[in-house]
Amino acid sequence: MADLESGSEGLLVFDRYDEEFNTLTEQIQRSLDEEPMSPYTQNLLQQCQDLLKQMALEARSLKQPKLLQRVKDYKSHHAQLVQQYERQGLLSGQNLNDDEESRRQTEDMLSNQNDTLERARRTMQETEQVALEITEELGQNRETLMSAHGRVKEVTTLTGRARRILNTMTQRALQQKMVLYAVGGGLVLAFFVILWMMW
């Protein structure tokens, strides 16, 4: 009679363990779905493991193969939850590595863009300097043309020669203007190409 009562009490204890195990596994699964790799999940897994040890002891004391098999199945289920937890940890670590690589790539891209902008700025400064020099030279040529025109009026005997000189200088000025426009247009086009490549 005492053995029956003891066995009955043991079954009640095991049933309470069983309910507690099911509750814990539900909490673990929910935690894995909502908040992977949290200390809370790790703590639940440890509680579940401790509970399984108690269930194994209780099942062996009751000497019921059915209960021992149930404990074995529960251990397998617990192992699957642990594997899921560890797998999420590996994935989380991989995501951190991916974020670090992405950050390095972004920094490299920004550095390259800064270098490109600096080269474009230097190109614009050089273009401005060339334009100023050409403008100054054109002004000097204009003064020369004005002086030559005055000399033509004063020296009638050198009209033909002065006219040829004037035509030559006019053509040179026109060529210089064309060169200036070509250089300026090429530099502006290069600037827009650089900007397009940056985007």
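**Close-up 1. His78, a buried residue of helix 3.** With a relative accessibility of 9%, His78 falls under the 20% limit and therefore counts as buried. This is a predicted model, so please read each view with that in mind. His78 sits in helix 3, which covers residues 65–154. Leaving aside residues up to four places away in sequence, the contacts of His78 are Leu45, Cys48, Gln49 and Leu52.

**Close-up 2. Phe21 and Tyr74, a stacked pair.** How many aromatic pairs does the model hold? The count is two. Here, Phe21 and Tyr74 are stacked, with 4.2 Å from centre to centre and 15° between the planes. Phe21 belongs to helix 1 (residues 2–34) and Tyr74 to helix 3, so this pair ties together parts that lie 53 residues apart in sequence. Are these two residues buried or exposed? Phe21 has 1% relative accessibility and counts as buried; Tyr74, at 15%, is buried as well.

**Close-up 3. Phe191 and Phe192, an edge-to-face pair.** The ring centres of Phe191 and Phe192 are 6.0 Å apart and the planes meet at 65°, which is why the pair is edge-to-face: the angle is over 60 degrees. Phe191 counts as partly exposed, with a relative accessibility of 26%.

**Close-up 4. Helix 4 from end to end.** Helix 4 takes in 40 residues, 159–198.

**Close-up 5. A nonpolar patch on the surface.** Which residues form this patch? Leu189, Val193, Trp196 and Met197 do, and together they have about 510 Å² of accessible area. Met197 is part of helix 4. Its relative accessible area is 62%, over the 50% limit, so Met197 is exposed.

**Close-up 6. Stepping back to the whole protein.** The protein has four helices and zero strands, and along the sequence the pattern reads α-α-α-α. Of its 199 residues, 22% count as buried. Among contacts with a separation of 6 or more, 74% join residues 24 or more positions apart. The accessible surface of the protein comes to about 14900 Å², and carbon and sulfur atoms make up 55% of that surface.

Methods:
Residues are numbered from 1 along each chain as its sequence is written. This is a predicted model: local features need pLDDT of at least 70, side-chain atom pairs count only at pLDDT 80 or more; totals for chains, interfaces and linings use all residues. Side-chain values use heavy atoms; hydrogens and water are left out. Helices (H or I, at least four residues) and strands (E, at least two) are DSSP runs, numbered from the N terminus. The expected span of a helix is 1.5 Å times one less than its number of residues. Patches are made of residues with over 30% relative accessible area and no salt bridge: like charges are joined within 9 Å, nonpolar side chains (Val, Leu, Ile, Met, Phe, Trp, Tyr) within 5 Å. Accessible areas come from the Shrake-Rupley method with a 1.4 Å probe; for residues, only the protein chains shown count as cover. A salt bridge is a side-chain nitrogen of Lys or Arg within 4 Å of a carboxyl oxygen of Asp or Glu. Buried means under 20% relative accessible area, exposed over 50%, partly exposed in between (1.4 Å probe, protein chains only). Contact means heavy atoms within 4.5 Å. Rings of Phe, Tyr and Trp (its six-membered ring) pair if their centres lie within 6.5 Å; planes under 30 degrees apart count as stacked, over 60 as edge-to-face and the rest as tilted.
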